[in-house]
Amino acid sequence: MSIKLRELIRSIRASKTAAEERAVVARECALIRTAFKEDDNQFRHRNVAKLLFIHMMGYPTHFGQMECLKLIASNKFPEKRVGYLGLTQLLDENTEVLMLVTNSVKNDMNHDNQYVNGLALCALGNIGSNEMCRALAREVENLMSSGNPYVRKKAALCAMRIVRKVDEIEDKFNGKIGQLLEDRNHGVLLAGCSLLTTVLEVNPSYVKEFRRYIPPLVRALRNMVTSGYSSAAEYDVAGITDPFLQAKILRLLRILGERSVDASDEMNDILAQVATNTEGTKNTGNSILYECVLTIMSIEAESGLRVLGVNILGRFLLSRDNNIRYVALATLQRMVNVDQQVMQRHRNTIIECLKDADISIRKRALDVTYSLVDDANIKSMTKELLNYLLVAEPEFKEELCSKICMAVEKFSPSRRWQIDTLIKVMCLGGNFVKEPQREKFCRVVAATPELHSYTVIKLYFNMKESLTQEALVHVGVWCLGEFGDHLVSGRAVGPDDQPIHVTAGDVLDLLHDVVRKPPCAEKAPATHCLVSAALIKLVTRCPSEFDRIRKLLRRFDGSLHVDLQQRSCEFLELLSSEWDAHRAGILDRMPVNDKEIGGAETRAVGDSTIDGVPSGAGSGPGPMIGGGAKDLLDLNDLLDGPSAGPPAGGVPPTTGGAGGGGGGGGDLLDLLGGPPSAPGPSAPGPAAGGDGLLDIFSGGAPAAAEAPPMVAYEKNGLKITLFPRKEADGSVVVLARFANSLSCPLTNFVFEAAVPKYVTLTMQPATGQVLPPQNDMVTQTMSCVNATGGEKGLLMKLRIGYVCNGTPVQEMAQIGGFPPGY
Amino acid sequence: MIQFILLISRQGKTRLKKWFVPCPERDQFRTIKEVSSLILSRSPKVCNFLEWRDYKLCYKRYASLFFIACVEGNDNELLALETVHHFVECLDRYFGNVCELDLIFNFHKAYYILDEILISGELQESSKRAVLHHISEQDAMMQENEQAKRKG
């Protein structure tokens with residue numbers, strides 16, 4: 001015998017343990033299943049009701065789905081009611097059996113009892129699937145004109161769901177909306193506003209058409225604002241007439257008034273009226289004021305009205321009610337692009353909110369703070385953000401770091417300040433500074449030779465203090481490798497003009513510490529990779545520590561981390577004496593591509609004593625890349641002056657020699673990114689593609705005798721690939737292969753090359769003067785002898801001439817990026 | 001629009017749950033667990049809003065129950081609280097000083113009332129009197145049917 005719902009609830013509540021409860025539920029579920037199986041009609045709706053309770057407790061109840069459909073098909077109201085409740089609770093629009101209910105719903109929508117209609121409409125509105133919406137759209141449309149407001153409002157909300165679900169009939173109900181908006185029943189008007197809002201959100205192009213309904217909306221709003229309690233007691237909430245409808249209309253007016261002066265004019269008065277007459281002491285009134293302010297700020301409001309809105313917002317921001325402060329911040333966030341002036345006026349209050357006890361408010365305030373930063377306040381705002389970084393929850397820190405880095409990059413007044421701030425960020429939140437920002441920092445440092453010494457010293461001492469912040473350690477290690485010579489030169493001075501004495505041994509000690517205690521144990525191999533790269537670079541910068549470097553590198557040659565193992569083995573190989581002549585070149589500074597730095601590159605370095613040196617003058621490849629001389633005759637001058645203009649501040653002249661691999665220039669570990677002494681403009685070598693952090697050998701291993709092919713020229717369907725090969729006698733044979741990917745032949749083809757003075761070039765004739773379409777058979781061989789034995793890199797300037805479709809073409813190209821030693 | 005409405009007791013038991021967007025049962029229960037632990041751990045002094053995924057949870061405690069409405073990012077949070085309060089007042093008038101036990105034993109009635117207030121996550125009736133009137137008429141229809149059954 002089936003027990004009553006009340007009894008079941010009581011026995012479940014009487015269970016003392018979870019196991020007991022499970023047993024009660026399992027027993028009851030078994031009984032219900034049996035009853036369903038026996039098709040027991042008498043208690044079906046009671047059983048479904050019990051199942052709903054069990055469902056709410058989190059137990060599986062799928063076997064009740066079909067029973068809901070049976071109940072809905074019944075003609076008894078109690079069964080229908082429970083059936084529809086079960087339908088909306090146990091099923092959702094993705095449940096397959098939902099399709100089966102469409103017909104019952106349709107029948108109920110046409111039933112002559114309004115409450116049966118109501119049940120059906122409610123079900124469609126809450127869980128109607130795309131198919132159901134499509135199938136029942138016509139019924140809904142009819143019911144929207146029903147004489148009964150109870151049915152009308154529900155039908156209008158169903159129409160809203162249909163518009164959301166079914167794309168192609170978004171305009172089906174447009175003709176009915178007008179009458180809904182003029183309805184006197186608040187429920188219908190409310191539903192009509194919701195429907196129109198949805199239509200306009202789905203397809204904003206209807207906004208124009210619906211602007212003609214602004215007057216009735218304004219009228220409805222005015223009625224509510226001016227009506228006393230007596231006339232609308234039914235809708236009164238805390239002394240305000242129907243805040244729900246007021247807010248809904250205000251939101252709709254916002255959509256209708258945006259970007260239209262005329263439409264905005266029509267609503268100016270009523271908005272002012274709402275803003276001034278609404279009592280702001282309770283949540284109800286504030287919910288309307290909040291909506292009203294949003295509308296005022298979004299439309300083309302008169303200046304007076306705008307002031308009114310701004311004042312309300314200011315009042316909100318100073319409110320002691322946390323909810324009100326929260327929405328004030330949310331509003332400011334949405335106004336960011338509208339009114340920077342207002343934002344700046346409230347800056348201190350907003351920053352104060354960063355210290356609030358409530359995480360919701362802190363989060364909102366933080367978002368607003370980010371958008372407050374500009375050229376004028378970057379220093380003070382960054383200070384606040386750094387203060388916040390110190391105390392912020394870990395979940396905020398990553399975003400905070402990234403936002404500070406972005407702001408600094410965008411607005412920093414000087415390079416020095418930029419570097420200082422970024423180091424501070426890494427000291428405070430180094431474990432939250434992500435890879436791209438670290439790379440960017442390294443690039444900025446590398447591109448600022450005036451601050452190499454300053455930066456490396458600063459990083460060195462910060463690292464000595466603590467090795468727990470990963471980003472700090474990683475960029476620090478990189479800088480020690482690149483610029484360690486500044487640190488041990490003995491010429492460095494501290495802020496108080498006291499000379500700084502750091503020995504090569506100290507630097508090695510620090511690196512040793514990093515190896516022993518990497519900031520993040522799981523990511524130790526990445527740290528070790530960076531250390532190994534720094535170590536090898538230090539070979540040339542601190543020659544006295546040669547043996548110790550070798551010893552440290554040996555720690556890694558058996559590493560289980562493949563990349564690290566390979567890297568250290570190769571580095572150890574580089575330490576052998578046969579590389580003595582080339583080592584300095586290979587281990588030269590990373591080339592810098594000024595274009596990638598962005599932000600502050602145009603700004604002064606930021607220190608009066610070093611501002612005199614033009615930024616970037618000593619960074620070698622910069623001017624080299626830019627100076628792509630047009631005339632072949634210029635080539636030699638260009639190539640002969642790689643180390644022109646050594647920067648001040650004791651940077652050794654090696655700086656200028658770096659080159660090649662422009663694309664990979666910023667990678668922390670792209671140590672061998674470019675072959676040595678090959679200041680190659682536009683670097684066609686494979687290095688250009690190597691952007692990954694661990695892509696160390698993107699320039700090709702120095703030991704390779706046969707270099708990888710290089711694309712020297714690719715334009716307008718013509719591609720020239722060079723295959724350089726080093727011969728036993730030291731000369732280099734280069735095979736050029738010409739590929740024509742067009743469908744027409746290239747005739748009168750001439751390929752010429754020029755080389756610097758220290759190279760002798762012999763050219764063989766090409767195998768043909770015509771490049772057939774879709775073909776790469778034509779080749780030409782050149783042989784070069786480099787008088788410097790590879791100390792100065794091989795360079796070529798090319799002139800290519802051909803006739804395509806009767807049009808003569810003349811092109812130039814330069815190639816560096818030949819493997820080291822060529 | 002409102003994504004879902006939850007009633008959670010202070011002990012973390014679900015007293016009512018209503019989704020207006022499709023959500024598989026498993027995710028519903030996972031969400032309930034996550035949301036209730038977030039909200040139950042909040043101090044009573046802080047604001048009534050909590051950002052959760054891309055949504056905002058607007059909640060209010062009435063005696064031993066937390067009423068939670070999950071709304072979209074650009075919805076009016078204060079109005080969401082009003083909506084919740086509207087529902088609470090309807091419950092209160094219907095049950096006459098509603099308490100948690102009423103909602104446990106008559107959970108289906110709470111759903112019926114909610115269905116007269118919200119459809120598809122939007123408010124359909126701002127008049128409490130209208131809501132209660134429609135509910136009592138439907139209750140009467142239930143009674144008639146029961147009586148007819150008894151007689152028959």
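Helices (H or I, at least four residues) and strands (E, at least two) are DSSP runs, numbered from the N terminus. The structure described here is a predicted model, in which local features need pLDDT of at least 70 and side-chain atom pairs count only at pLDDT 80 or more, while totals for chains, interfaces and linings use all residues. Residues are numbered from 1 along each chain as its sequence is written, and chains are lettered from A and ligands numbered from 1 in the order in which they are written.

In chain A, Ala534(A) belongs to helix H29, which runs over residues 524-541. Ala534(A) has 25 other C-beta atoms within 10 Å and is therefore buried (20 or more other C-beta atoms within 10 Å of its own; 12 or fewer is exposed, anything in between partly exposed, with C-beta atoms placed from the backbone). When residues up to four places away in sequence are left out, Ala534(A) touches Val477(A), Trp478(A), Leu480(A), Gly481(A) and Leu511(A), contact being defined by C-beta atoms, placed from the backbone, that lie within 7 Å. Asp183(A) is 351 residues from Ala534(A) in sequence, and the C-alpha atoms of the two are 77 Å apart.

Elsewhere in chain A, helix H10 (residues 174-181) packs with helix H11 (residues 186-202) at an angle of about 145°, and the axes are 8 Å apart. Axes are lines fitted to C-alpha atoms, for helices over the stretch in contact, and angles run from 0 to 180 degrees between N-to-C directions. The crossing of H10(A) and H11(A) is left-handed, that is, the near helix is turned anticlockwise from the far one by less than a right angle (clockwise would be right-handed). H10(A) contributes Asn174(A), Ile177(A), Leu180(A) and Leu181(A) to the contact, and H11(A) contributes Val188(A), Leu189(A), Ala191(A), Gly192(A), Leu195(A), Leu196(A) and Val199(A). By class, nine of these residues are nonpolar, two are polar and none is charged (Ala, Val, Leu, Ile, Met, Phe, Trp, Tyr, Cys and Pro count as nonpolar, Asp, Glu, Lys and Arg as charged, and the others, Gly among them, as polar).

Between the two chains, 53 residues of chain A are in contact with 42 residues of chain B. The side of chain A that touches chain B has 26 nonpolar, 14 polar and 13 charged residues.

Chain B has five helices and seven strands, in the order β-β-α-β-β-β-α-α-α-β-β-α along the sequence. The C-alpha trace of chain B spans about 55 × 30 × 30 Å along its principal axes. Of the 152 residues, 42% count as buried. Among contacts in chain B with a separation of 6 or more, 44% join residues 24 or more positions apart.

An unreviewed UniProt entry annotates residues 1-140 of chain B as "domain: AP complex mu/sigma subunit". Over residues 1-140, chain B is 46% helix and 26% strand, with the end C-alpha atoms 32 Å apart.

Two residues of chain B other than glycine have positive phi. Arg53(B), with phi near 50°, lies in the loop between strand E3 (49-52) and strand E4 (55-62), and is exposed, with 11 other C-beta atoms within 10 Å. Asn97(B), with phi near 55°, is in the loop between helix H2 (77-95) and helix H3 (100-105); Asn97(B) has 7 C-beta neighbours inside 10 Å and so counts as exposed.

Technical notes
UniProt positions renumbered as here; feature names shortened; annotations may be inferred.
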